[in-house]
Amino acid sequence: MKPSWPRSLLAHAVLCAASLVMLYPLLWMLASSFRPNSDIFTSISLWPDPFAPGAYRRGWSGLQVSFGTFFNNSLVIAVLAVIGNVTTCSLTAFAVTRLRFRGRDVFFALMLGTMMVPYQVTLIPQYILFLHLDWVNTALPLVVPKFLAVDAFFIFLLAQFFRGIPRELDEAAVMDGCSAWRIYWNIALPLALPALGTAAIFTFIFTWDDFFGPLVYLNDIETFTVQLGLRGFLDSSGTSDWGAMFAMAVLTLLPVLAFFLFFQRTLIQGIATTGLK
Amino acid sequence: MGTIEIGRRALLGTTAALIAARAQAQAATRLRLYWWGGVERAERTNKTAELYTKTHPSIAVAGETVGWGDYWTRLATQAAGRNMPDVVQMDYGYIFEYARRGGLLALDSYVGKELDLSGFDAASIDGGKVDGKIYGVSLGLNSTSIVYDRESFDALGLAPLAWPVTWEDFATRMAAATKALKKDGVWGSTDAGGSGPALEVWLRGRGKEMYTAEGKFGASAADMADWFAYWAEMRAIGACVPPEVQALDKLDVDTSVLTLGKALVGFANSNQLVGYQAVNKKKLDLAMYPATKGNPKSGQYLKPSQMLSIAATTRNKEEAVKLMSFFIADTEAGKLLGVERGIPASKKVREVIAPSLDAMATRMSSYIAEIAPVVSPLPPPPPKGAGEVLTLLLRTNETVGFKKATPAAAGSQFLKDATDIISRG
Amino acid sequence: MAGRPTARRRGIPAGYIFLLPWFLGFFGLTLGPALASLALSFTNYDLIGTPGWVGLANYVRILTADSKVAESVRVTLLYVALSVPFKLGFALAIAMILNRGIAGLPLYRALFYLPSLLGASVAIATLWRTVFSGDGLLNKVLLQFGIHGPSWVSDPDTAIYTLVALSVWQFGSPMIIFLAGLRQLPRDIYEAASLDGATPWYQFWRITTPLLTPVIFFNLVVQTIDAFKAFTPAFIISGGTGGPINATLFYTLYLYQEAFGYLRMGYAAALAWLLVIAIAGVTALAFLSARRWVHYEA
């Protein structure tokens, strides 16, 4: 159903106007990263004048550890988190939607329940737990939970998509003598590819943007993530280098944007897979 | 290929970092040093720590730092886990909370041995005491201070704010400044009605205390009503910014109405001059908070800011105290640290670094010297709940500013709420 | 009866094997801390000292004597009621437009996702102030139309709406989920409907919407839970104060202030568990109602 061209023009006009609102903050950040510190709080224009490019150099090597280290740390943590979340959350979601066993609904309710507890209060007991495991000051508290399906948001997300897969498919597979594993691997996963892509994108972005976890669990600057690094330029009680913060914030957006652009292809591939039916 | 290579190296690097932390702990006594601050402070602090480990090869110092806004959340979490860093930077507003709950080590038994306080006068040592025991030692002295746009003052032909300017006089001069500016959206002063330090100076000028020695709130409902009325009047005559502008100000450098270019005068601390100047184009200067008519003394006091304390849970008490002593009393350390955290409390260190100070540091230093004859002694320590009272003050002043309460009603409501907060602890 | 897989023959249902990671995570990492916080809600725990038992005192105070609780509940409910429908409506509308096979789809999708990439970056606080303050961008635009706007972000009557705007502006996540859902819809139904001469409007209401209900339901539940727990927008934009005059004091922001600002972790834990009960109640209602309007399977 290709729309006719006047309507498509209208759609483009609406989308372009909306994009402008979406884009303004990014352009403003970009402009701010080229502004002297004394201009950042008072200017709303998108054109830095005077033009001060020094912030990128100050930002990259201004802290005692190069910003590249933070990029590496964040990348390792985010990629591991994606792998962990996508595998274990899809296993869990598959089990609670496509398999039958005792206590299934209770487990699913418990999963949803964990989404409701504000992290501000479980933070301390969890910190003490990880401290006893001797994991504090390592990336383990940020990564291991992802391999144990603790992020119920993703379980719920994938569950909703698995539920949409017609039951006749499993039934046919069971008749053919397929194991649960093969139904999961050969039928459910390929059909839920857009959902898996979505889960991968979100996990990467949420992990990349996470600040609270790294703040509490990472002590040494060599282990810092980009979000901790960014805050390193700011001290609201004293001297901050906002220019450097904005410059690095712009760079920090690039990997997430790249990841997003790359993985959004899986969302498109969804068209092809539903064609299977 | 390149990206995979980086990823692998990073992964190995991260893994290595995890192992390294433990290996280090075995090789030497590893002390964790934790402070808040920006880039320059991190550089100076790390260099000082390096200098120490050079002369003490059996000690490894791991520096940990975050900005002020996140500092206390992380410290509280670590304290809950009995995993506080060995040496922590401490603030006057928090030392009582941590010391009274048993989070900090009492230092009295180390004085004269591991802890060198020979260059300190009694007043600055008292600033680190909680209930009679020393829990923190100051890295830098400062005091509350008006930070103002001296350049615009001069250009507009306004007299500089030289001590003493009474509160009444301050109102008139700020109203005049707003008029002289002839600019929409810029006013003479910040609305400091929600600022705890400003209220404290004002109360002490009246012979009251913010908190009594018994830990009660020290002002009456009438005092508070007067205070809120003073700022209501300031707003009415256009001497300070209106409430919707003041509400943008989170009482820190980056959001202050001075930085936003909405006012010429801000209420701050003397050691923040450098921070304010970095984000302001006009030349700034320091001045004392207004004076009370008929009182030759100011309610201001020399505040031991940016103290160092030792965690009660440290496993290396002596070594931690020694490291701390190096930071506060060693002249070589003093040279590296400069006056970035305030004027060194140790006279010895002050004398050594004086010749090397730049213009801004010299101004901070001369300000502390100027105010010394007129300041008052340290006030009694704040009780538990003092931090929450500050939030209450901010909110109550907003309530009056947005005309949701009269100054008189706000005064009695504030007293009731503050008393409730303090009794709850 | 679907899925009686082969593992069953060996006695352990396959489901339990699939759930193994989750069992480990739930019992090893999640349950303990959650129960610990429940236990702490009956104490006066202050993070540094040892907790002392106070019975129901925290709960009694919250429910009878704490005026800030009432204020923060009001703010939070207003935020939930406004941000969830607007955000979801916006996300669904844009997703529908993007799903029409428009040229440049990946570009638009990325553009619309941009604000969500920023997350809770500290840059947002500065940005929001430059856009929504008295002489900010919005008022400059409004002035072109002769309207003098208030200082949106710092006026107690309007501050909450700037936070709603922030939430709606970051509509990227539900949009992506809607898009993924739309992508999964079988195309042959539409082709058949088109052949039968169904109007696009009819297709939207009679085909798309029913088929999309599992995804709509998911977004609704997740966004509602998130809005109840919303913390970061108010935290960064009000600088942690919830001001002006508590106009943006979200429930979880108040909880955070109590826990980490004033070191009353026991009290904060009690606040948290009352929130859990409230959210669980709302979610249970949503699941009950889902039986009437959510259709699984094509």
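**Questions about a predicted model**

Reader: What makes Ile12(C) exposed?

Author: Ile12(C) has 11 other C-beta atoms within 10 Å. Ile12(C) sits in the segment before α1 (14-18) of chain C. Before we go on, a word on the source: this is a predicted model, in which local features need pLDDT of at least 70, side-chain atom pairs count only at pLDDT 80 or more, and totals for chains, interfaces and linings use all residues. Residues are numbered from 1 along each chain as its sequence is written, while chains are lettered from A and ligands numbered from 1 in the order in which they are written.

Reader: Happy with that. How do you know whether helix α8 of chain B is enclosed or open?

Author: Of the 10 residues in α8(B) (196-205), 10 are buried, so the helix is largely enclosed by the rest of the structure. Among them are Trp202(B), Glu200(B) and Arg204(B). The buried residues of α8(B) pack against β7 (144-149), α7 (167-181), α9 (221-236), β9 (263-269) and α16 (386-401) of chain B. Gly207(B), with a positive phi near 85°, follows the helix.

Reader: How do you know how the size of chain B compares with a compact globule?

Author: The globule rule is 2.2 Å times the number of residues to the power 0.38, and the radius of gyration is taken over C-alpha atoms. For 425 residues a compact globule would come near 22 Å, and chain B has 23 Å, which agrees. The C-alpha trace spans about 65 × 55 × 45 Å along its principal axes, and 53% of the residues in chain B are buried.

Reader: Why are β3 and β11 of chain B said to pair?

Author: Pairing asks for at least two bridges found by DSSP between two strands. β3(B) (87-90) and β11(B) (303-310) are joined by 4 bridges and run antiparallel, so they pair. One of the bridges links Val87(B) to Ile310(B). Both strands belong to an open sheet of 5 strands with mixed pairing, in the order β2-β1-β3-β11-β6 of chain B.

Reader: What makes β2 and β6 of chain B edge strands?

Author: β2(B) (59-66) and β6(B) (137-142) each pair on one side only.

Reader: How do you know how many residues link the two domains of chain B?

Author: Two residues are in contact if their C-beta atoms, placed from the backbone, lie within 7 Å. By that rule, 9 residues of domain 1 of chain B touch 9 residues of domain 2 of chain B. The bounds, which come from an automatic or database domain assignment, are 25-141 + 304-365 for domain 1 and 144-300 + 384-424 for domain 2. Their centres, taken over C-alpha atoms, lie 30 Å apart.

Reader: Which residues do chains A and B bring to their own contact, in number?

Author: Chain A brings 36 residues and chain B brings 41 residues. On the chain A side, α6(A) gives the largest share, 5 residues.

Notes: Helices (H or I, at least four residues) and strands (E, at least two) are DSSP runs, numbered from the N terminus. A residue is buried if 20 or more other C-beta atoms lie within 10 Å of its own, exposed if 12 or fewer, and partly exposed in between; C-beta atoms are placed from the backbone.
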